[in-house]
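Biologist: Can you walk me through this one? I would like the domains, the chain contact and some helix packing.

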Amino acid sequence: MSATRRLPPPPSPPLPFVLPTFTGARLANGLAVRAARWGRRPTVAVSVLFPGAGSAADPPGREGMAEITGDTFLGGTRRRDARGLAEALDDLAAILEVSAGSDSSVARLSILEKDLDDGLALLAEVLTESTFPEDEFEKNRRRQIDVLAEQRSEPDFLARERLLDRLYPGHPYGRLTATEKGLEALTRDEIAAFAATRFSLSHATLILAGAADPDTLLRSASRAFEGLAAGLRVPADTVPPPPRIDGFSIHLVNRPGSVQTNLLFARPALARRNPRFTTALVANQSLGGGASSRLFHVLREERSLTYGAYSSLSARVAGGQFSASIDCRTEVTREACSGLFDLIRAFAAGGPTGEEHERSRKYLLGSFPIPRETPGGVAQDEISRLLHGLPEDEWATWRDRVGAVSRQEACRVAEDFFDPDTGILAAVGDAKVIRPVLESFGDTTLWDADGPRA
Amino acid sequence: MSPQRGIPLVTVDVTYDVGSRVEPPGKTGFAHLFEHLMFEGSENIGKGEHFRLVAEAGGSMNGTTSEDRTNYFETLPAECLDLGLFLEADRMRALVLTLEKLDNQREAVKEEKRLRVDNQPYAPSFETADALAYDAFPYKHSVIGSMDDLQAASLDDARDFYGRYYAPGNALLAVVGDVDPADAFRRVKSAFDEVPAREAPARFAFVEPSPSGERRERVEDRHAAMPALHVNFKVKERRHPDLFALSVVERILGAGETGRLWRRLVKDDSLALSLSVSLDERRGPSLFRVFSLARPGVTLERLEAEILGDLERFAADGPTPREMERARRLLLASAVRATQTTQAIAFLLSEYGLYDGDPGLFRHDVEAVLALDAAAVKDAAARLLVATSRSVVTVVPSEAKEAA
């Protein structure tokens, strides 16, 4: 470093980034529609949000219901079979999928702007005229069972599956995916009934973002959807609050021959609707949000223990969690584990430094436009706003709220929600080597890839 | 320079004409390891500071290494263009290399190899597939390299590599986003004027022998749950007319909901758990790849026969008019979807700019593919997807499972 070190150039005057405003309408059948003009290219991102149609609504013993229902929407409609539907989509170069999250299912259509009307007509057909043919259901169910067997060979899947299972025991959030048992038990009639009661237009919101003005988008939406039936009344059940976790425990999934140990810690934190969620995001950025954060800097750049160490917050409707992870070569499992927990513990006790806090605020403020560069990005904002019951101006005011977070508030939120003495550590690796190591950190239960160890 | 107004973001991308293909035996993985060192500080940037400065500006950044090139990029608020240019110019002009940094990033890269390759099902078999398909060393070895070679990399290697390949004349700068081109050019000039000219290396060239007959290899994979199959065909370099035709074959066989191979083997007949068709386009000989996981109870012999049978039928009958029309629509739609962000546009322009000297060739190539007729597509499949240029790797789960 030279004595006359040159300083990085300061920014020019900031340019405003103004989010699009969504225009709303409600069709006679109850379907809410939200539309905004956005994006640089002639394309439209269309989403239909079905709250309550996610995997948390899977009936006990039928784990995988929402997932297989979503897959089987493309199994055929009253007008065409599965192949006919596939051809119709590809003729439009459209991409359509119906995917289940935990609190909702979302149908997503990506379509060129010139084909919007045809694309919306096809989307409406899939959502209201699907016949869920027995053979297509059966194929999807069988394939998903085999997919699960494949996923159990991936360390990341095993860690996340075991973590959720122990963090939310007996709770609908405790499952990462379908289960073999649930899939075996499902029938075609059950998924058809699930679709009929959970995918009602009267309970859904259609979101369009793309290269046309909102009125044009709204007109196209009502042409495609307004004559359709409202659908059945959706059950007004809500997901119960997650169970309380006491203390700290370790759950080791044995994966013989692993050359790495994957460590994934999580503890209960904040639901998205909690007003302190934004404060927690700012705090998390200092601890483990990116390459300039404390975990990455110390564990990779200073101590050479890993390719990457991060922390994050994830929020669902009924609760949320704080997570942190590190992957390391088997031989340094002890150093990586103690390194990770020492840093989290210190952060929970002392919070970010003034410099870290400033950088985190600046990062979150400045990077706000990056994921919102595309129509799909702003549509996703609207989906999460609606799903979590956030106010209309949530995203318009988000940067003001981030900017106002003080270091003291970040310290308090870290103390309240990042303390690792409560929580679950899921570990995946070669148990014959790392079990004794992990046992020195806490009560360790051994699991196999497919469940409890006999 | 590509102005993209409306959203106040800018992507700064420097792509260097160096990839893993330049690595000789004994130095595998070095181009990528060196990419890591480029983030560790230069004359005016201390260790860790690159990450911090980009974060404070509200930017995202990264670098990637392929067989053919290495790129470095930041996406920043448009008013921070100068910062991106400063960071790139400083590390192009005066990177600071130390053994401590090398040792640190060596471990990070070894961990990356464990994470992405050694500890994942099927990932090692992709290295086997490339080693089998190619004869010449440049594409025969993997970008991530071998643990032994990573371990052996020295500080002198790093200094030599920087001196040889990181000359300004061996790089292309792309600026894409909410900028006024004249103003941005002035800023670029001011930032990069102080980077002294250095001798740029001669264009890398190598000779890959012509395909000489089918090759086969069987590998065991201790992490795989199901058997899998690679069927690869060695073909010409990117932008060769054969590749334009094969990009249509790729779509008709594998893209969308109707891609023939995927639709029949995965969806309709439930013989494969997954199947992908991809054209791995390189500056030298490229690969037309099919990779598939077998469903339980389906032997790899059966899966291979089904895949080869479908390829033969396609080569014999060619595409239907509707398939041709669909492939064209898919191509246009994917060109739209692939150019929605400043970063994606920067990547596209950089590769054409660096490899071909003309960033605008992207449009030309889309037009060239759209102009192809069914006969040309059929001819390409019949001529190129043949046993002579084929290499097949079968992946079998190894049986040994140990108790804890």
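Biologist: What conventions apply?

Modeller: This is a predicted model, with local features needing pLDDT of at least 70 and side-chain atom pairs pLDDT 80 or more, while totals for chains, interfaces and linings use all residues. Residues are numbered from 1 along each chain as its sequence is written, chains are lettered from A and ligands numbered from 1 in the order written, and side-chain values use heavy atoms, without hydrogens and water.

Biologist: How is chain A divided?

Modeller: Into domain 1 (23-225) and domain 2 (248-452); the bounds come from an automatic or database domain assignment. The C-alpha centres of these two domains of chain A are 29 Å apart.

Biologist: How many residues are in contact between domain 1 and domain 2 of chain A?

Modeller: In chain A, 33 residues of domain 1 touch 36 residues of domain 2, where contact means heavy atoms within 4.5 Å. The area buried there is about 2900 Å², with 69% from carbon and sulfur atoms; buried area is the accessible area (1.4 Å probe) that two parts lose on being put together, summed over both.

Biologist: Which residues of domain 1 of chain A supply more of that area than any other three?

Modeller: W38(A), R162(A) and L163(A), with 20% of what domain 1 of chain A buries against domain 2.

Biologist: How many salt bridges between those domains of chain A?

Modeller: The count is 3 salt bridges, each a side-chain nitrogen of Lys or Arg within 4 Å of a carboxyl oxygen of Asp or Glu.

Biologist: Now chain B. Where are its domains?

Modeller: Domain 1 of chain B is 2-192 and domain 2 is 215-397, with C-alpha centres 28 Å apart. In chain B, 37 residues of domain 1 are in contact with 37 residues of domain 2, and the buried area is about 3100 Å², 60% of it from carbon and sulfur atoms. On the domain 1 side, Y122(B), L132(B) and Y134(B) lose the most area, together 23% of what that side buries.

Biologist: And salt bridges there?

Modeller: Between domain 1 and domain 2 of chain B the count is 7 salt bridges. R215(B) also forms a salt bridge with D135(B), with the closest N and O atoms 2.9 Å apart.

Biologist: What about chain A against chain B?

Modeller: The contact takes 85 residues from chain A and 81 from chain B. About 7200 Å² is buried between chain A and chain B, 54% of it on carbon and sulfur atoms. R40(A), D90(A) and Y307(A) supply 10% of the area chain A buries against chain B, more than any other three residues.

Biologist: How many salt bridges between chain A and chain B?

Modeller: The count is 12. R329(B) and D115(A) meet in a salt bridge at 3.7 Å, N to O.

Biologist: Last topic, helices. At what angle do α11 and α12 of chain B cross?

Modeller: Helix α11 (residues 260-268) and helix α12 (residues 300-317) of chain B cross at roughly 145°, and their axes come within 11 Å. Axes are lines fitted to C-alpha atoms, for helices over the stretch in contact, with angles from 0 to 180 degrees between N-to-C directions. Helices are DSSP runs (H or I, at least four residues) numbered from the N terminus.

Biologist: What residues make up that contact of α11(B) with α12(B)?

Modeller: They divide into 5 nonpolar, no polar and 5 charged. Ala, Val, Leu, Ile, Met, Phe, Trp, Tyr, Cys and Pro count as nonpolar, Asp, Glu, Lys and Arg as charged, and the others, Gly among them, as polar.

Conventions:
Helices (H or I, at least four residues) and strands (E, at least two) are DSSP runs, numbered from the N terminus.
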